[in-house]
Amino acid sequence: MAHRLALSTNYAVAYAVKNCDVDVIAAYPITPQTSVVEKLSEFVADGELDAEFVPVESEHSALSAVVGASAAGARVFTATASQGLALMHEILFIASGMRLPIVMSIANRTLSMPLNIHNDHQDMMSSRDCGWVQMYVSSAQEAHDTIIQSYRLAERTDILLPVCVCYDGYVLSHTYEPVDVREKSEVLEYVPRVDRPHVLDPDKPITIGVMALPNYTYEFKYQLVDALTKVPKALEEVDKEFDKRFGVSYGLYEEYMTEDAEVLLVALGAVASTAKVAINRLREKGVKAGLFRPRLYRPIPVDLWKRILEKAKALAIVDRAIAFGGVGGPLFTDIATIFANDREKPLMMNFIAGIGGRDVTVNNLIDMVNIAFKALEKGRVEKPCIYYGVRGVDYGGY
């Protein structure tokens, strides 16, 4: 059963956290995630959630606080965005290295300078290799359900990894949608408390977060690598269990009209919803275009991505982040790496778009597909990385 409410994505996340019955929430406000922790503070103040709400002096302290609480065995939550995530950067690696099942929501927002409070994916992409499980969602409902799934995934004893749920700031965080809020009793049956093998306990003293010299550090790091390789299969199982209980499944990715598509748009997050409209309009004109939206972004389920992407003749990969000084956006370079050793591979074009909250419209996405078809006609890519929509910048032959 579920109770349907009109909720912003921020509130949808807060309701999910409440119904997961967390023990400790550490919070520092930052736009556009603030209303997540504000709502949670209301739940605690009103007695709807029996948890310690810890207002801290910075995002660095917020993540540090939940690291300590999680190490002691608590179920924990925090949220952030943009500069706040950047300030957490040091602690991100500590959380994953200590194998702590922390769940954090991120309302993606661009990084300074210039100061800008609007949406792109630069914040998380600048921390994408921190050892956290990373999922990108495209609706308030998916955000709500993914938070619940994240606790089930993170606390599995074969995983024990921190998870972040990313959603587009303002585009989703402040947009209201009808959301089926899962009943707390059913949620807690789905995410029961588990006995973690290693927690701080005065009666059974252990050391966590030890010093390691060169003769052991590499092995510690590889244990994290190995744990991440188990995530795709574990998430599939978690998702199937969620479907069995709640009648909803999200999988590791979303496909839309991919079966016969000659050009695939590839995008993370909310822009994928806009892309479906673009695909529909292209299909009405007989253009064989489709959409591939990764949901699980770290770790990348390489074989699954490749099986879908290799069917297309060309890929139009949309990045809402810049890898400054690199050869393309983060999503583009990941996909290019997947096909690095293949002689037969789709043509790949990268469109950096939507930076700093600039709209990515239906017509923009249709144009990207058309540019990819032009590259197919030529049999080559003139310019693999296009900074789409920047005033005065030439697309290079298109």
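Reader: Which residues do ring pairs link into a cluster?

Author: Tyr190, Phe242 and Phe246 are linked into a cluster by ring pairs. Keep in mind that this is a predicted model.

Reader: How many aromatic pairs does a search of the whole structure find?

Author: The search finds eight aromatic pairs. A pair of rings is described by two values, the distance of the centres and the angle of the planes. Take Phe242 and Phe246: their centres are 4.6 Å apart and their planes make an angle of 40°, so the pair is tilted. Planes under 30 degrees apart would count as stacked, and planes over 60 as edge-to-face.

Reader: Why are Phe242 and Phe246 separated by about one helical turn?

Author: Because they are four residues apart in helix H10, which covers residues 231–246. Both Phe242 and Phe246 are buried.

Reader: Which pair links distant parts of the chain?

Author: Tyr253 and Phe292 do, 39 residues apart. Tyr253 is in strand S9 (residues 253–256), and Phe292 is in strand S11 (residues 289–294). This pair is tilted too, at 5.6 Å centre to centre with 50° between the planes. Both Tyr253 and Phe292 are buried.

Reader: Which residue lies over the face of Tyr190?

Author: Arg152 does, at 5.0 Å from the ring centre. Arg298 lies over the face of Tyr297, at 4.6 Å from the ring centre.

Reader: Arg298 has a charge. What does it form a salt bridge with?

Author: Start with the general idea. Side chains of opposite charge can pair when their charged atoms come close. Here Arg298 pairs with Asp129, and the closest N and O atoms are 3.2 Å apart. Asp129 lies in the loop between helix H6 (122–125) and strand S6 (133–136), while Arg298 lies in strand S12 (residues 296–298), so the bridge ties together parts 169 residues apart in sequence.

Reader: Is Arg298 buried or exposed?

Author: Arg298 counts as buried, at 13% relative accessibility. The cut-offs are under 20% for buried and over 50% for exposed.

Reader: How many salt bridges does a search of the whole structure find?

Author: The search finds 25 salt bridges. One of them joins Arg4 and Asp180, with the closest N and O atoms 2.8 Å apart. Arg4 in strand S1 and Asp180 in strand S8 (residues 176–182) are 176 residues apart. Arg4 counts as exposed, at 56% relative accessibility.

Reader: Which residues are linked in a network of salt bridges?

Author: Glu142, Glu254, Lys276, Arg293 and Arg295 are.

Reader: Now contacts. What does Leu153 touch?

Author: Set aside residues up to four places away in sequence. Leu153 then touches Val133, Ile159, Val163, Val231, Ala234, Leu235 and Val238. Leu153 lies in helix H7 (residues 140–154). Leu153 is buried, with a relative accessible area of 0%.

Reader: And Met1: buried or exposed?

Author: Met1 counts as exposed, at 71% relative accessibility. Met1 sits in the segment before strand S1 (2–8). Beyond its neighbours within four places in sequence, Met1 is in contact with Arg182, Glu183 and Glu186.

Reader: Last one. Which residues make a nonpolar surface patch?

Author: Val210, Tyr216 and Phe220 make a patch of about 320 Å². Tyr216 is in helix H9 (residues 214–229). Tyr216 is exposed, with a relative accessible area of 53%.

Methods: Residues are numbered from 1 along each chain as its sequence is written. This is a predicted model: local features need pLDDT of at least 70, side-chain atom pairs count only at pLDDT 80 or more; totals for chains, interfaces and linings use all residues. Side-chain values use heavy atoms; hydrogens and water are left out. Rings of Phe, Tyr and Trp (its six-membered ring) pair if their centres lie within 6.5 Å; planes under 30 degrees apart count as stacked, over 60 as edge-to-face and the rest as tilted. Helices (H or I, at least four residues) and strands (E, at least two) are DSSP runs, numbered from the N terminus. Buried means under 20% relative accessible area, exposed over 50%, partly exposed in between (1.4 Å probe, protein chains only). A charge sits over a ring if NZ of Lys or CZ of Arg is within 6 Å of the ring centre and within 35 degrees of the ring normal. Patches are made of residues with over 30% relative accessible area and no salt bridge: like charges are joined within 9 Å, nonpolar side chains (Val, Leu, Ile, Met, Phe, Trp, Tyr) within 5 Å. Accessible areas come from the Shrake-Rupley method with a 1.4 Å probe; for residues, only the protein chains shown count as cover. A salt bridge is a side-chain nitrogen of Lys or Arg within 4 Å of a carboxyl oxygen of Asp or Glu. Contact means heavy atoms within 4.5 Å.
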